[in-house]
Amino acid sequence: MNWFYIKGILILSGINLLAVLGLSLLTGFTGLFSFGHAGFMAIGAYTTAVMTIHFHLPFMVALGVGGLAAALASLIIGKLTLNLKGDYFCIATLGLGEAIRLILDNVQYFGGARGWPGIPLHTSLLNVFIIDVVGIVFLAFLIRSRHGRNMIAIREEELASQIIGIDVFKYKMKSLMISALYAGVAGGLYGHYLGFLQPKMFQIIKSTELTIIVIFGGLGSISGSALGAVILTALPEALRSFDKWRLVVYGAAVIFIMISRPQGLMGGYEITPTNIKCFLFRFVKKDKKHQGMGGR
Amino acid sequence: MNILEFKNVTKTFGGLTAVGNVSFEVEKDSIFGLIGPNGAGKTTIFNLITGIYKISQGEIYFKEDPIHDLQPHKIAQRGITRTFQNIRLFKKLTTYENILTACHDNATYGIVNALLRDHKFKGQEKKLHEKAQELMGILGLSSQKNIIASNLPYGMQRRLEIARALALNPSLLLLDEPAAGMNPDETIKLMELIKEIREHFGLSIVVIEHHMDLIMGVCDKIMVLNFGQKLADGTAQDIQTNPKVREAYLGEEEEHC
Ligand SMILES: Nc1ncnc2c1ncn2[C@@H]1O[C@H](COP(=O)(O)OP(=O)(O)OP(=O)(O)O)[C@@H](O)[C@H]1O
Ligand SMILES: [Mg+2]
């Protein structure tokens with residue numbers, strides 16, 4: 001395995017991580033499932049590419065525009081569907097994801113179904129890493145503010161949230177838009193890493209993969225989402241030598257986690273310095289107890 | 001002055017009239033009792049006040065403003081909060097987190113302030129924590145601070161719901177069977193607490209309760225509902241001597257004697 005190959009996996013993990021962070025806010029912290037996040041990635045990817053190629057914007061600015069375009073699209077879909085109760089939103093996102101893909105399939109300006117080659121390779125390990133760190137820090141800050149707490153309240157008990165004065169619709173909207181923004185930026189990075197875009201890359205399988213990662217990592221845990229993204233992106237690559245069996249192993253790994261830890265890898269806990277200390281402390285204490293009992 | 005006013009309010013579910021043409025007033029700073037047999041429409045009245053159900057007919061006024069067309073969160077922000085008959089806490093959060101979340105309306109910082117962790121964010125966040133800490137103390141939940149809400153004993157969960165409601169600085173608090181599932185001892189303590197809360201926070205309270213004797217002790221005024229209709233209202237004395245109430249509600253108990 002050479003560095004180029006490992007770097008590639010790290011970049012892909014980093015891009016997935018960003019999209020998963022966004023979805024984590026929506027699904028893990030606000031309790032809304034989406035099966036259309038690949039659609040938001042597609043909007044981000046194509047918008048960013050247009051910005052760098054046709055408008056010659058600097059990459060970082062273009063990424064911002066791509067993210068905002070995805071957020072704008074989510075605003076429209078949110079206005080139409082977030083008022084609906086229960087699973088309707090989920091179904092609507094599924095339709096949205098497919099609709100975006102089908103539209104892109106038929107817009108010849110972006111190369112249609114055959115794809116769009118020649119996108120400049122601006123994505124590097126460094127800029128992915130920096131954006132991921134900023135993404136994680138922002139999400140952590142958001143969650144630990146009244147805005148994040150309100151989203152969690154909606155996840156826990158929607159009726160009680162209204163009764164303590166939380167505008168449920170507005171907060172679902174905020175969560176969805178931030179989530180789409182993350183997905184859009186991730187899409188922009190993706191296109192400029194591969195140098196090529198095709199609507200097929202943003203099929204429902206991609207959306208499902210993101211949701212699986214969030215659940216795998218543990219709903220309501222930023223570190224779980226991040227860890228899940230890296231593991232589940234790298235795993236299929238590490239298993240390449242198994243050839244056909246690799247997807248089976250991937251599936252088995254996901255099922256294994258779901259059975260042995262239904263709450264996900266991190267299960268709502270976070271990796272923070274204090275938590276690590278507590279964990280180690282408990283570990284040491286347990287060890288001592290063990291020794292004492294053995295000595296007797 | 002009346003803090004709450006019902007004017008000929010009707011609520012129907014299909015063919016069923018859950019609340020039929022009910023009018024009453026709750027005086028400011030008073031404790032108002034709502035009693036009646038199962039299915040009388042008591043909880044429905046709370047759901048109408050808090051905007052969870054839309055009224056079919058009539059008007060509801062809070063501090064002389066109509067509120068029957070407002071959304072639930074707007075009504076809460078105006079100063080009406082409640083507890084639920086079947087407890088609705090943020091189950092997976094701790095006692096402290098439940099209260100802290102409910103304090104949100106005492107702060108005004110935006111998402112950008114939170115992302116930048118600026119002066120405004122830090123100052124207001126500190127106030128929210130102080131408020132949560134204070135409420136936890138008043139309701140006697142301090143020793144339960146880091147316990148997950150769903151693991152609390154039943155009585156504590158009911159207290160936590162009250163604490164959460166008080167976090168909004170309400171001027172009207174609605175308690176739906178706050179003593180349900182408590183033993184007589186706990187219930188008496190709770191009733192004392194309700195009186196204290198009224199004094200301490202200077203608010204008005206409407207309380208639904210099944211135990212007649214309990215409600216007689218704390219309430220300034222009582223309304224009796226039966227099959228969605230108002231049967232009577234007045235002081236505890238009036239209610240106890242009202243022949244209609246005796247017939248419909250107390251009558252059954254007398255037969256046992
Ligand atoms: N959402 C609803 N849909 C249909 N019927 C309802 C609904 N909510 C309440 N009802 C009906 O309205 C009537 C009054 O119910 P409500 O819950 O207000 O009674 P209650 O006085 O609180 O009784 P309890 O003492 O059992 O709590 C009942 O017949 C109930 O079945
Ligand atoms: Mg009831």
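# A tour of chains A and B

Covering here rests on contact, meaning heavy atoms within 4.5 Å. Buried means under 20% relative accessible area, exposed over 50%, and partly exposed in between (1.4 Å probe, protein chains only). Helices (H or I, at least four residues) and strands (E, at least two) are DSSP runs, numbered from the N terminus.

Before moving on, note that this is a predicted model, where local features need pLDDT of at least 70, side-chain atom pairs count only at pLDDT 80 or more, and totals for chains, interfaces and linings use all residues. Residues are numbered from 1 along each chain as its sequence is written, chains are lettered from A and ligands numbered from 1 in the order in which they are written, and side-chain values use heavy atoms, with hydrogens and water left out.

**Stop 1: helix H3(A)**

Select residues 59–81 of chain A. This is H3, with 23 residues. From first C-alpha to last, H3 of chain A reaches 33 Å, close to the 33 Å expected at 1.5 Å a residue. The expected span is 1.5 Å times one less than the number of residues. Now colour the buried residues of H3(A), including Phe59(A), Leu63(A), Gly66(A), Gly67(A), Ile77(A) and Thr81(A).

**Stop 2: Thr30(A)**

Go to the loop between helix H1 (3–29) and H2 of chain A, where Thr30(A) sits. Is Thr30(A) buried or exposed? Thr30(A) counts as buried because its relative accessibility is 2%. Its side chain reaches the backbone oxygen of Leu25(A) at 2.8 Å. Show Ser175(A) too: a polar contact of 2.7 Å joins the side chains of Thr30(A) and Ser175(A). A polar contact is a pair of N or O atoms within 3.5 Å; within protein, one must be able to donate a hydrogen and the other to accept it, and residues adjacent in sequence count only if both atoms are side-chain atoms. Leaving aside neighbours within four places in sequence, the contacts of Thr30(A) include Met151(A), Ile154(A), Arg155(A) and Lys172(A).

**Stop 3**

Select Leu12(A) in helix H1 of chain A. Leu12(A) counts as partly exposed because its relative accessibility is 24%. Not counting residues up to four places away in sequence, Leu12(A) touches Tyr190(A), Tyr193(A) and Thr233(A).

Next, find Phe216(A) in helix H9 (residues 204–217) of chain A. Phe216(A) is at 5% relative accessibility, so it counts as buried. Beyond four places in sequence, Phe216(A) touches residues including Ile231(A), Leu232(A), Val254(A) and Ile257(A).

**Stop 4: where chain B meets chain A**

Show both chains. Here 33 residues of chain B are in contact with 25 residues of chain A. The area buried between them is about 2,600 Å², of which carbon and sulfur atoms give 65%. Buried area is the accessible area (1.4 Å probe) that two parts lose on being put together, summed over both. Select His104(B), Ile111(B) and Leu115(B): they supply 23% of the area that chain B buries against chain A, more than any other three residues.

How many salt bridges are there between chain B and chain A? The count is four. A salt bridge is a side-chain nitrogen of Lys or Arg within 4 Å of a carboxyl oxygen of Asp or Glu. Lys92(B) forms one with Glu156(A), the closest N and O atoms being 3.9 Å apart. Finish on H2(B), which gives the most to the side of chain B that touches chain A, with four residues.
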